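Please look over the sequence and the model below before reading on.

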Amino acid sequence: MQFVKGLVCRECGEAYDLAPIHVCELCFGPLEVAYDYAAIRANISREEIERGPQTVWRYRKLLPVGDEPIVDIQTGCTPLQRADNLARVLGLRNLYLKNDTVNPSFSFKDRPVTVAATRARAFGYDTIACASTGNLAASVAAHAARAGMRCVVFIPSDLETSKITNISVYDPTLVAIRGNYDDVNRLCAEIADRYGWAFVNINLRPYYAEGSKTLAFEVAEQLGWRAPDTVIVPTASGAMFTKIARGFEELAEVGLISPSVPKMGLAQAAGCAPIVQAHEANSMTIRPVKPSTIAKSLAIGNPADGYYCLKVIKATEGFAGSVTDEEIVDGMKLLARTEGIFAETAGGVSIGVLKKMADAGLLDPDETIVAYVTGNGLKTPEAVAPSLNAPITISASMSEFDTAFAEATAGRLRGAEVAV
Amino acid sequence: MAKRRVRLFFPPALITEPLVWSLGKHFDVVTNIRGGEIAGDSGWLYIELTGEDDELDRALQWTMDKGVRVDPVEGDIIAG
């Protein structure tokens, strides 16, 4: 691999060869990929990237792969939508939405998984696996199908039917585990340890996490090769949050943008906000919490990268905020009715915290702000459905329609049913 | 012999308890502390336990019953 030096421990700096390992043997700190930035800088250009494929693989030199064939379901190059309608509501003037609801398996998870699946095959694995409550599982199963690899996915036994369908359609071996969240978590760790599989977010985590940097690369390119002033990122384990910050740093390091990392805004659901709580307590210790929120894709009570998120927030003079379930639903509806984007609950968290910060006057109205919207609303329709207006039902009569429509547009008949 | 790498999170009431010593005393496991921090009223440890599977299960269950949170060193593995 021309531009990758190996793996390095984030805590003690111990160096390792590229291998499917994720924890430092000395201090148990997390491993991450180390690059030769000088070599990349000498071999990369904006023009070359712009001529590349309309996928995350246009940034191949900044990802931990060599010449091996990639496992690709056409992920990335998702829209960066200027959000003037939403901006007006919030009193902002330069607001953008990174719309990752339109990735092939309908969430940002395709970004890390395309990298992890590629590395899994290069390492010689025939089986790719994960433990997930939704987005990651669907993405892993989709990539395994594309790559012709065996796939084993672990889910909690109480997962909703719609989510199971979103995973099982790709035909993985789907294992539903009975037990509470912590039991399932510990069992999956043991299985990962014992079976020789490529667990994308365990033994392949250093490679997997790198894929999320493309969320920064694309935003910078779409803004005309510059970093925004502020970003807001819905956060669970914290891997995406830290890698977005790293992505902007790397672009500057290899000379593609001028040195500037945005203020990093971290958004969590109030029912699972261990990082926000530590930030508010001015502590660097994450206290694990028991999640209780409708934002299931963010329900990680013991985030592996929580500590590193706190460091990023401090280093970038960023912020952290949380929103209640009610505010999450309001955020989903606000996003849909102003910008035409139907996001899952994590998107509601992002927009909810954006609104909270704007309402509190904590955002400069003129600065360039990017809110990340990371999953499709069709994954969690049950979260928002009960609070939506019911259709206006009429018989096949023009006069009935005239009356109903007049009343509806006057705001008197939203959701009422006309008797036949 | 099996190995388990776990993160123990100690609540305030257990900060002064010699729990790692007790683990090695009560169970046939080798305890090997690899990292950690005690900050104010709470603390955590990265620890590697070596022993037979059943004994490791019993040791970890005892630790949890004492009120210590036990997680894989990777943190939460089940992703969204």
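An axis here is a line fitted to C-alpha atoms, for helices over the stretch in contact, and an angle runs from 0 to 180 degrees between N-to-C directions. Helices (DSSP runs of H or I, at least four residues) and strands (runs of E, at least two) are numbered from the N terminus. This is a predicted model, in which local features need pLDDT of at least 70 and side-chain atom pairs count only at pLDDT 80 or more, while totals for chains, interfaces and linings use all residues. Residues are numbered from 1 along each chain as its sequence is written, and chains are lettered from A and ligands numbered from 1 in the order in which they are written.

**Two packed helices**

Two packed helices are described by the angle between their axes and the distance between the axes. In chain A, helix 13 (residues 325-339) packs against helix 14 (residues 345-359) at an angle of about 90°, and their axes are 7 Å apart. Helix 13 of chain A is therefore roughly perpendicular to helix 14 of chain A, a term that covers angles of 65 to 115 degrees, whereas under 35 counts as roughly parallel, over 145 as roughly antiparallel and the rest as oblique. Two residues are in contact if their C-beta atoms, placed from the backbone, lie within 7 Å. Among the residues that make this contact are Ile328(A), Met332(A) and Leu335(A) of helix 13 of chain A, and Gly348(A), Ile351(A) and Lys355(A) of helix 14 of chain A. By class, the contact has 7 nonpolar, 5 polar and 3 charged residues, where Ala, Val, Leu, Ile, Met, Phe, Trp, Tyr, Cys and Pro count as nonpolar, Asp, Glu, Lys and Arg as charged, and the others, Gly among them, as polar.

**A sheet in chain A**

Strands of a sheet pair through backbone hydrogen bonds, either parallel or antiparallel. In chain A, 3 strands form an open, antiparallel sheet in the order 2-1-3, with strand 2 (15-16) and strand 3 (31-35) as the edge strands, each pairing on one side only. Two strands pair if DSSP finds at least two bridges between them, and strand 1 (residues 4-9) of chain A pairs with strand 2 of chain A over 2 bridges. Leu7(A) has Tyr16(A), in strand 2 of chain A, as its bridge partner.

A residue is buried if 20 or more other C-beta atoms, placed from the backbone, lie within 10 Å of its own, exposed if 12 or fewer, and partly exposed in between.

Chain B has 2 helices and 4 strands, and along the sequence they follow the pattern β-α-β-β-α-β. Its C-alpha trace spans about 35 × 35 × 20 Å along the principal axes of chain B. Of the 80 residues of chain B, 36% count as buried.

The contact between the chains takes 19 residues from chain B and 32 residues from chain A. On the side of chain B that touches chain A, strand 2 of chain B gives the most, with 4 residues. The residues of that side of chain B divide into 8 nonpolar, 4 polar and 7 charged.
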